[in-house]
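Okay everyone, can you see the screen? I'd like to talk about how two parts of one chain meet. Here it is.

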Amino acid sequence: MNLAVSYRSSPYNPGHAVLGMPGIGMAPALAVSGIAKHFGQQTILGGIDLEVRPGEIVALIGPSGCGKSTLLNILSGLLPPDAGHISIGGARTTGFDDWRRVAYMFQEDRLLPWRTVRDNVSFGLEGSAVPRGERRRRTADALRLVGLDGVATAWPHELSGGMRSRAALARSLVVQPAVLLMDEPFSRLDPQTRSQMHDEVLRIQADSGMTVIFVTHDMEEAVVLADRIIRLAPHPGRIVEALEMEDLPRPRIPTEPEVAERIRQLRVRT
Amino acid sequence: MPKHLVTLVAQRALLAGVILLLWWIGASRLPSFVLPGPQKVAQALVSLWDSETFALDILTTCRRVLLGFGIATVVGTVLGLALGASRLLARFFEPMLALFNTVSSAIWAIFAIIWFGISDTTTVFVVFMTAMPLILTNVWQGAQTVEAQYVDLARSFHMSPPQILLKIYGPTILPYFFSGARLAFGFGWRVSLVAETIGASNGIGYRLRQAADLVQTDQVFAWTVLLVGLMLVLEGGVLKPLERRLFRWKAFSLSSRPASLQTN
Ligand SMILES: Nc1ncnc2c1ncn2[C@@H]1O[C@H](COP(=O)(O)OP(=O)(O)OP(=O)(O)O)[C@@H](O)[C@H]1O
Ligand SMILES: [Mg+2]
């Protein structure tokens, strides 16, 4: 298994805009305070505070139904919270347009069956005023980035599960996001393909410097990927613990004793 | 040529041969005003081709059908989308649809005569009333199958409502629309002839009625052969290839097109 993270230079560098914003410096890539959400009588999220540094990889874990997807929906701008603020790159959000550089990879790949792989990826740019030529170039770049340039004209139903995941990832990356949100992104893949996808995500993150926030039930995934693991508890959904993982050296191979020990510790806690 | 194709062509040729033979035997025993023979019908076809009004009749009927079908497409699509978008509207208008689907085209033709007399409008109206509910039903059905997940996906990429309509609703509904439109065109075309026999003074339907009144059975046969040929060309030369091209992505599921309602 190849878990080495390569730091090759890339023409594709979504991170720079956030870091380069004048007067912001190291403002959190994403910050929320006092986020609450109710569905009917039920309080699903009761006051979430969270700051994520630029380039940080954060895992959200917690039992089923504790509101992880709901929190991610709110972070994506798709679901308005009942209370609280959201800041992106240090600026308080006022409208959905402020979310242009936040990409959301849903739990299902949601590839449109009537579009080829290439057109599914370029779909990510069709909501923005990107000129056709640039759209084509960025689509090709994103496909190459995830290793799908060979199947650009295939239909989604012709792809394997891993390839479908890659296509969905490419569609999120084509917008050159400063923040990438992922909801149990690789949970449906077999272990080997999943760990390949982990390598891909780490490589792309290292090249681009983007911030990644993802939900997972897989403790191995959390330990292998995350700089910080945030544990939520239900009724109401709240953060109960934040585990710093930055002291754990990379690449992290699950079979190595130090990594295995972290995974074991995490399983014991939950 | 692949083997199964050769077999198919042979089978079709055999079938055509058998029909021609039966026709020929039957015609030789019956008076020609009951069943004219193949040669006589061929002659009628040639004389039809040479007649002054031939092209005009065909164009007139086509114009009426296309007009009725075109209006039905626009109205049916818009109404289908509206019903698909609003549950309230859908519940309210559902009985109307059942009504439209049960009233026979012949009844619409009779109403059309009363309201519009002998005119283009009569045929256009009957085609419209036959085609519109079919298209509406199918578009509505298609709109109900639009995946909320895809709509959220489009929203997450900051697409506007018109873009979502075009990029998510459009492709989802298209197969439904297509099978509805195809059915509607077929029915519309057939009922246009019925409407023309009673409510027009030119067009294919009118000529058919004229030939029947004058007991020119060979002419009736000639028109029939012509119409069958026209529909086969349209089906195999336009609709089938178009469908194959539009729904390439389906590959396996072409046979699971939505079942459409019967009319007439
Ligand atoms: N649109 C909605 N309307 C009403 N209740 C909802 C809605 N969406 C989510 N809920 C409820 O909110 C709670 C949290 O749901 P959420 O999907 O955020 O959980 P989760 O932590 O992602 O769970 P899982 O790990 O199973 O994906 C659940 O009890 C769910 O039933
Ligand atoms: Mg969830």
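So, between domain 1 and domain 2 of chain A, about 1,100 Å² is buried, and carbon and sulfur atoms give 63% of that. Buried area here is the accessible area (1.4 Å probe) that two parts lose on being put together, summed over both. On the domain 1 side, Pro177(A), Met197(A) and Ile204(A) lose the most area to domain 2, together 39% of what that side buries.

Quick background: this is a predicted model, where local features need pLDDT of at least 70, side-chain atom pairs count only at pLDDT 80 or more, and totals for chains, interfaces and linings use all residues. Residues are numbered from 1 along each chain as its sequence is written, chains are lettered from A and ligands numbered from 1 in the order in which they are written, and side-chain values use heavy atoms, with hydrogens and water left out.

Where are the domains? Domain 1 of chain A covers 30-101 + 177-240 + 255-270, and domain 2 covers 113-176; such bounds come from an automatic or database domain assignment.

Now, who touches whom? In chain A, 16 residues of domain 1 are in contact with 13 residues of domain 2, contact being heavy atoms within 4.5 Å.

How many salt bridges cross this interface? The rule finds one, and it wants a side-chain nitrogen of Lys or Arg within 4 Å of a carboxyl oxygen of Asp or Glu. Arg166(A) also forms a salt bridge with Glu200(A), with the closest N and O atoms 3.4 Å apart.
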